Amino acid sequence: MPRTLLRAASAVLLTLTALNVPAAYADEPSPVAVTVNARAALATVPETGIGTNHAIWDTNLGTDETADKLKDAGVKLLRYPGGSYSDIYHWADHTAPGGYVAPNTDFDTFMRGVRRTGAQAMVTANYGTGTTEEAAAWVRHANVTKGYGIKYWEIGNENYGNGHYGTAWEADDHADKSPAEYARHVVAYADAMKAVDPTIKIGAVLTTSANWPDGVTAAGDSGTWNKVVLSTAGSKIDFVILHWYPGALDKAGHVPDMIHLTREQIAKYAGPGSERIGIAMTEFNTGSSSAGTTTQPGALAAADAYATLLANGVFTVDWWNVHNGIGPVTQVEGHTDYGDFGLLSSATCTSDGTVCEPSLNTPFAPYYALQLMSRFAREGDQFVRAATDQPKVTAHAVRRPNGDLAVLLINTSSDTSYPAAIDYAGFTPASGAPTVLTHTNGATTITTSATGTATSQTLPPLSMTALVLRPAAPPTGLPDAPGQPTASNITDTSAKISWPAASAGVKYEVHRQNGAISEQLGETTGTSFTVNNLKPGTRYTLNVIARAGGGALSWSSPPLTFTTGTPAASSCSIRLTNQNDWASGYVGAIEITNHGAPINGWTLNFTWPRPWQSLGSGWSATWTATGSDVKVVNEPGNGSLATDASTTIGFVGNYAGPNVLPSVFTLNGTVCTTR
């Protein structure tokens, strides 16, 4: 070492010694605080949670090697015949006019692979160039003639991409390409297909929140795609279909709002009994070849998104796709990223032959994300809340019927190995080292070991780590969990919560989820409880827990989510309307009505509900935005409002995620009724 560097190093060491900082640990990061709350329950893991897409242009669709790879990954649902090809594919003669059909990819070959994989099938009936008769005949062949027992049937694929909104990628031979025409055909398809097999489930295509053309109303339509489809076909369908290609690796935080807004639309438009309608994410991929589709960042994003979607009640998440082919080649985190959206290598090369993928069926990094997810969250497990205080580290957790708890920790930092300090509520782990499953950057397998403790782990850079924990004591004598709660009599500050009875002789505790912390709101021996002191316009998620006389606590009930309103009576009211939406922004109109004494001068305040929302511009008032807070002051011409007089102002709102509209407004400090 040169003398100058040696002197500098010595000076640093002396400085650290003077500060009483051990030199070897001076740059170590602070432990990440991880909170796992077994009392804050989310959705239960479905049988079909981990899925992927097959495509009839994939030569390796029907091979045993492919099926065995998918089985090893824990894939439990396979979708066929493959994206937009669904709307040109004719199953009876195995043709797709205008597209390529690979040999040995016919329907029966696909089903042989499904059975070898140990999965269920989801079939997309041809809406674009097919008929109701063709779809019904497919059900007859599959479930009557062959006895395949296929449960899930979609009607078309991304049919909003038929040109009705100005861009066309999906085949559609119908002269009328409106959502109303699609919805009418969904009804006809459902009737014809269920006449053959009444046990099947029918799915209809919806747009995904904040993804074009979501929110857009085309000329001549009575509403958005989702509103029209659900209003017409809601009584005939059993699930809705979303597709999501976020284009970035940090968008899992959008999922709760995405799914909540979809459920709100179903409840609003699909008619009585709409709670039966499930949500399927039948195509998902990070959609970002530049950030890594075959390398570790893409895998981390996949694991985070799968866990978040399933925790929010989606019954299947299906990766796009098994084999896809080489795309733009880049270097990502020290490894070659082939820009391939497949789980497995197709062994294809760039057009100039300079770069080739690894050998056929070599797993790419996202494959290991699905494999780890299938080992972390198994059918029948119940997701529970988990959180961290470090943005680079995300956490998920599930509670298992045998009393075990599993925790998934994802470290997205490229260069920092984080120590994690894990705290548990509602669960006491056994002593000793837990089972630890780990996948790191560039690894070609998931390692299993017994390392660290239940409360202390080290998370390597760009890693997925799953802990499987035993309880300190066997969970015996627990009362049954309460059933699904419901909310009624919802006001701005209160709601009545009711639930089916669990075990006899128990008390029920009502808990609010506040992030990963539970707040007990009250308890009762009955099966209903009114919660008070709530905030207007606020979304709440609650669980109910049964407590036996000896203090033993049941599992949490399924979650209940509801949103409080605004005051039923106020000296002011607000009507907010979305007048024109383009899936990343909208023109909003706010009608302000004064119901009190005449006022001369007013100030309206509201807050954007989400950090990805902002004010673009405003008119008919003076608009000021400070962070998420918006202040609107009257102009000289509209400052005086007599009793029951109104004025309307307008704005452009921008959004880069699910657009949860503001619902709480104050006028001169008074909370208004939002109509």
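Which residues line the second largest cavity? In this predicted model, where local features need pLDDT of at least 70, side-chain atom pairs count only at pLDDT 80 or more, and totals for chains, interfaces and linings use all residues, the answer is His-54, Leu-61, Gly-62, Ala-67, Thr-109, Phe-110, Gly-113, Val-114 and Thr-117. Residues are numbered from 1 along each chain as its sequence is written, and side-chain values use heavy atoms, with hydrogens and water left out.

A cavity here is a set of points, on a 1 Å grid over the protein atoms alone, where a 1.4 Å probe fits but cannot get out; a pocket is an open set with protein on both sides within 12 Å along at least five of seven lines, and lining residues have an atom within 4 Å of a point. Grid points are joined across faces, edges and corners, and a volume is the space filled by probe spheres set on the points. The second largest cavity holds about 30 Å³ of space. Helix α3 gives the most to its lining, with 5 residues (helices are DSSP runs of H or I with at least four residues, numbered from the N terminus). By class, this lining has 4 nonpolar, 5 polar and no charged residues, where Ala, Val, Leu, Ile, Met, Phe, Trp, Tyr, Cys and Pro count as nonpolar, Asp, Glu, Lys and Arg as charged, and the others, Gly among them, as polar.

Helix α3 (residues 107-117) also packs against helix α2 (residues 64-72), at an angle of about 40° and with the axes 8 Å apart. That makes α2 oblique to α3, since angles under 35 degrees count as roughly parallel, over 145 as roughly antiparallel, 65 to 115 as roughly perpendicular and the rest as oblique. Axes are lines fitted to C-alpha atoms, for helices over the stretch in contact, and angles run from 0 to 180 degrees between N-to-C directions. Asp-64, Ala-67, Asp-68, Leu-70 and Lys-71 of α2 meet Arg-112, Gly-113, Arg-116 and Thr-117 of α3, contact being heavy atoms within 4.5 Å. These contact residues comprise 2 nonpolar, 2 polar and 5 charged.

A contact with no charged residues is found between α8 and α9, with 11 nonpolar and 2 polar. Helix α8 (residues 296-311) and helix α9 (residues 365-376) have axes 7 Å apart, at an angle of about 35°.

Helix α8 returns in the largest cavity, giving the most to the lining with 3 residues. This cavity holds about 70 Å³ of space, and its lining has 8 nonpolar, 1 polar and 3 charged residues. Among the lining residues are Trp-244, Phe-284, Asp-250, Lys-251 and Asp-304. The search of the whole structure finds 2 cavities of 30 Å³ or more.

Turning to open space, the second largest pocket has a volume of about 380 Å³. Its lining numbers 17 residues, and Arg-399, Gly-426, Phe-427, Pro-475 and Leu-478 lie nearest the centre. The lining divides into 9 nonpolar, 6 polar and 2 charged residues.

Technical notes:
Helix = DSSP H or I, 4+ residues; strand = E, 2+ residues; numbered from the N terminus.
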